[in-house]
Amino acid sequence: GGLILSHKAIDIHPMIWGMLPFHYELAIWGWLVQFVMGTAYWMFPKKLKGERRGSVALAWGMVILFNTGLIILATSTILQFTTITALVGRALIFISILIFAALIWQRIVTYRNL
């Protein structure tokens, strides 16, 4: 991001603007979405019984899937691979978001029976 911003003031190289989609992917998926998911995972109400935040192994699986998908997506963006590669990365991110939703939903549902 800093390199792209610097390029606006000082003409570094025309290929710098080609990094803009890569920057968007990392800023949105690599920082913003992971920040929101991590905060929600920590802040949502804890389960009344069992593991307080749900399965730790499933949560780690979600993080690994998300970051693997992000790496594949970012690599396909910067190297301009086929759209299939980007689709695989987005599919892994989508699966991890579904896992996240399942983990959070378990914590919400436990309070219905009070």
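Colleague: Which residue forms a salt bridge with Glu25?

Modeller: A salt bridge is a side-chain nitrogen of Lys or Arg within 4 Å of a carboxyl oxygen of Asp or Glu. Here the partner of Glu25 is Arg90, with the closest N and O atoms 2.7 Å apart. Arg90 sits in helix α4 (residues 83–109) and Glu25 in helix α2, so the pair ties together parts that are 65 residues apart in sequence. Helices are DSSP runs (H or I, at least four residues), numbered from the N terminus. This is a predicted model, where local features need pLDDT of at least 70 and side-chain atom pairs count only at pLDDT 80 or more, while totals for chains, interfaces and linings use all residues. Residues are numbered from 1 along each chain as its sequence is written, and side-chain values use heavy atoms, leaving out hydrogens and water.

Colleague: How many salt bridges does the structure hold?

Modeller: It holds one.

Colleague: Is Glu25 buried or exposed?

Modeller: Buried means under 20% relative accessible area, exposed over 50%, and partly exposed in between (1.4 Å probe, protein chains only). Glu25 is buried at 13%, and Arg90 is partly exposed at 37%.

Colleague: At what angle do α2 and α3 pack?

Modeller: Axes are lines fitted to C-alpha atoms, for helices over the stretch in contact, and angles run from 0 to 180 degrees between N-to-C directions. Helix α2 (residues 20–43) and helix α3 (residues 56–78) pack at about 170°, their axes 9 Å apart. That makes α2 roughly antiparallel to α3, a label for angles over 145 degrees.

Definitions and conventions:
Helices (H or I, at least four residues) and strands (E, at least two) are DSSP runs, numbered from the N terminus. Angles under 35 degrees count as roughly parallel, over 145 as roughly antiparallel, 65 to 115 as roughly perpendicular and the rest as oblique.
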